[in-house]
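Thank you all for coming. Please have a look at the model on the screen, and then I will take you through two parts of it.

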Amino acid sequence: MKVYLDNAATTPIDPEVVEAMIPVMKESYGNPSSIHNFGRKSRAIIEKARKKVAFYINAAPSEIFFTAGGTEADNMVLRSAIDDLGVNHIITSQIEHHAVIDTAEIMNEKKGVKLSIVKVDDKGFVDLNHLEELLEENKELKTLVSLMHANNEIGSLLPLKKVSDLCRKFEAYFHSDTVQTMCHYRIDVRELDIDFITCSAHKFHGPKGVGFLYVNENIQINPMITGGAQERNMRAGTENIHGIVGLIKAMEIAHRDMSEHEKHIKRLKYYMVEQLQKVMPEITFNGDPLGDSLYTVLNVHFPNSEMDEMFIYNLDIEGIAASGGSACSSGSNVGSHVLNHLGVDMDRPSIRFSFSKYNTKEEIDYTVKVIKELFAVTV
Ligand code: PLP
């Protein structure tokens with residue numbers, strides 16, 4: 001049996017998305033910047049997609065900029081906040097995705113921007129009192145708060161509205177990396193009153209290498225990638241038109257079926273928690289899986305056993321794809337900056353299982369059975 005439980009790293013593309021992309025690749029080859037009919041058709045496709053994206057997050061089309069994914073969009077926010085908005089202080093957390101935390105550290109080293117790290121508790125929840133203290137202590141500075149909506153390793157969620165209210169109170173800019181939550185929850189940028197959010201299509205059954213950045217209309221930033229007038233001068237380079245079409249198709253499907261998928265995936269996650277606890281009562285979980293937690297992610301902290309580092313490979317041999325509780329790109333939990341920061345015992349293996357609409361109860365049963373057998377052999 002092949003079981004894919006690494007959907008926080010990336011999701012399989014939806015066949016409906018592929019169907020939507022194929023005619024664009026075959027027929028809509030005009031460069032969207034060309035003024036002839038071929039070009040104008042491509043331009044129209046992109047602008048239609050932009051309008052739809054804006055509709056789903058309750059933004060204006062002029063606030064949406066297509067990018068080559070989440071990492072680029074996150075970089076754009078942090079870099080342009082400093083270069084164009086006069087930000088001289090970033091508040092972030094130690095458990096952000098590398099696209100944010102590494103960039104913040106680079107901005108600190110290279111541009112002398114002050115970097116404040118807000119405390120998170122042992123389940124990965126941001127300490128809002130500490131955030132307020134940091135904003136208060138630094139109110140003379142121009143601050144950007146960058147905190148992710150859901151942690152990609154352990155799933156802990158941030159109360160976006162509470163953070164945006166705090167940011168407004170202290171006139172700080174607020175960016176949230178919504179890469180793991182976009183299309184899993186409804187996001188309304190007007191209601192949230194947020195300055196920047198970032199998105200990546202491959203996290204919700206869209207294609208890889210395409211995403212978008214939302215920038216509130218009251219904010220003017222300059223491009224990070226220069227050399228062309230695309231994206232209204234904000235992101236140079238010929239547009240990834242089939243990728244954009246794939247993104248919006250995936251977004252449409254996700255919004256069409258969201259409550260059904262949420263119910264299905266939550267049921268699988270809770271079922272896996274229950275089954276794991278039944279077969280291995282010593283198991284614990286990183287984060288707060290049954291609390292305020294992204295329903296697609298379950299990070300399991302296993303007891304010590306001889307296989308330790310081999311665990312993820314043993315699962316792989318049995319056809320189960322999961323991730324070592326660390327960054328999306330890695331297969332091992334060695335050096336997970338998130339788990340390390342939360343003080344998780346790294347001698348015990350942590351595995352991130354992440355689910356999608358395509359997973360089934362049978363796959364969970366199989367996975368739990370394999371885990372039980374692996375431990376029975378090695379403990
Ligand atoms: N932000 C978060 C929270 C992620 O999980 C990822 C995943 O890789 C990214 C950013 C990067 O997105 P992309 O793969 O589109 O560059």
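A crossing of two helices is called left-handed if the near helix is turned anticlockwise from the far one by less than a right angle, and right-handed if clockwise. What we have here is a predicted model, in which local features need pLDDT of at least 70 and side-chain atom pairs count only at pLDDT 80 or more, while totals for chains, interfaces and linings use all residues. Residues are numbered from 1 along each chain as its sequence is written, and side-chain values use heavy atoms, with hydrogens and water left out.

Let me begin with helix 3 (residues 70–85) and helix 4 (residues 98–111), whose axes come within 9 Å and cross at roughly 30°. Helix 3 is therefore roughly parallel to helix 4, a term for angles under 35 degrees, and their crossing is right-handed. Where they meet, helix 3 brings residues including Leu78 and Ile82, and helix 4 brings residues including Val100 and Met107. The residues of this contact divide into seven nonpolar, three polar and four charged.

Now to the sheet, which is open and made of three strands in the order 9-10-12, with antiparallel pairing; two strands pair if DSSP finds at least two bridges between them. At its edges are strand 9 (284–286) and strand 12 (350–354), each of which pairs on one side only, and the twist averages 35° from one strand to the next. Strand 10 (residues 297–301) is joined to strand 12 by five bridges, and Leu298 stands opposite Phe353 in strand 12.

Technical notes. Axes fitted to C-alpha atoms, helices over the stretch in contact; angles between N-to-C directions. Helix = DSSP H or I, 4+ residues; strand = E, 2+ residues; numbered from the N terminus. Parallel < 35°, antiparallel > 145°, perpendicular 65-115°, else oblique. Contact = heavy atoms within 4.5 Å. Nonpolar A, V, L, I, M, F, W, Y, C, P; charged D, E, K, R; others polar.
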